[in-house]
Amino acid sequence: MDRLSERLLLIAKQVNDKDVICDIGTDHAMIPIYLAKGNLITKAYACDIAEKPLAQAKKNIAKYQVGEIITPILANGLHGLANIKIDSCIISGLGSASILEILQNDSDLIDRYILCSNDDPTILRQWVKAKKYFIEKELLIKENEIIYEIIVINKVAGQKVKNKRDILFGPVLRKEQTKLFQEKWLLKNDYYQTLLNKIPVKTKRYQEIRAKLKMINKVI
């Protein structure tokens, strides 16, 4: 099969051995196919809202002869998974607002989430805090000059999201302080400094950005 990108491969590696998974916004179902071909999962549900990518996913599933393991589902978010027990739910390739909308249909039948958004994941950690869930793992990966965060959410074990710093930086990433973490937040610091110079002082937006800059300077 076609080689997964480093980002998709790292997402796939967060799945536990022999899990039942769902891949929301599966596109061409490359992550489920990779996991099925490697005999790493028990079952996969490849879900997409659009007929065209799902049609290609079906062709790929047939091509790689993994139809017994992967079931393609045409559905919006989690709506096609009623009454199905899921060990790990992958949601990637979307913006955080779209992922958050999908998470509003969170089910007790889903044990953990593996999330990788295309933009700022702050609102996803806010959701974790509000639900009183845990962050099992947080990872950074740089692809095409963009630094992505992968957040693994566990409903019963891991790190709690306790405060504003945890929400902004991530409780795991903030403690680990990797080189990529430093690079990301130095870039963010420069971006916010530039933005601050363009915003009127007596505005709420100015105060919000200034508060973020203070937190960045304390953490890095």
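Q: Which residues of α4 meet which residues of α5?
A: S96, A97, I99, L100 and L103 in α4 meet I123, L124 and W127 in α5. To meet here is to be in contact, with heavy atoms within 4.5 Å. This is a predicted model, where local features need pLDDT of at least 70, side-chain atom pairs count only at pLDDT 80 or more, and totals for chains, interfaces and linings use all residues. Residues are numbered from 1 along each chain as its sequence is written, and side-chain values use heavy atoms, with hydrogens and water left out.

Q: At what angle do α4 and α5 pack?
A: About 25 degrees, with the axes 8 Å apart. Axes are lines fitted to C-alpha atoms, for helices over the stretch in contact, and angles run from 0 to 180 degrees between N-to-C directions. The two helices are therefore roughly parallel. Angles under 35 degrees count as roughly parallel, over 145 as roughly antiparallel, 65 to 115 as roughly perpendicular and the rest as oblique.

Q: Now α8 and α9. How do their axes cross?
A: At roughly 150 degrees, coming within 10 Å. That makes α8 roughly antiparallel to α9. The crossing is left-handed, meaning that the near helix is turned anticlockwise from the far one by less than a right angle; clockwise would be right-handed.

Q: Which residues of α8 and α9 meet?
A: From α8, F181, W185, K188, N189, Y192, Q193, L195 and L196. From α9, R205, Y206, I209, R210, K212, L213, I216, N217 and V219. By class, that contact has ten nonpolar, three polar and four charged residues.

Q: Which residues of α8 are buried?
A: L180, F181, K184, W185, N189, Y192, L195 and L196. Buried means under 20% relative accessible area, exposed over 50%, partly exposed in between (1.4 Å probe, protein chains only).

Q: What covers the buried residues of α8?
A: The cover includes β6 (134-143), β7 (146-154), α6 (164-169), α7 (171-176) and α9 (204-219). Helices (H or I, at least four residues) and strands (E, at least two) are DSSP runs, numbered from the N terminus.

Q: How far apart are the end C-alpha atoms of α8?
A: They are 26 Å apart.

Q: Switching to backbone angles. What is the phi of N39?
A: About 55 degrees, positive although N39 is not a glycine. N39 sits in the loop between α2 (30-37) and β2 (41-48). Its relative accessible area is 48%, so N39 is partly exposed.

Q: And K132, buried or exposed?
A: Exposed, with a relative accessible area of 70%. K132 also has a positive phi, near 60 degrees, and is not a glycine. Its place is the loop between α5 (122-131) and β6.

Q: Where does V156 lie?
A: In the loop between β7 and α6. V156 counts as exposed at 69% relative accessibility. Its C-alpha atom is 17 Å from that of L115, 41 residues away along the chain.

Q: Last one, A62: where does it lie?
A: In helix α3, residues 51-63. A62 counts as exposed, at 56% relative accessibility. A62 and I49 are 20 Å apart, C-alpha to C-alpha, and 13 residues apart in sequence.

Key:
Expected span 1.5 Å × (residues − 1). Nonpolar A, V, L, I, M, F, W, Y, C, P; charged D, E, K, R; others polar.
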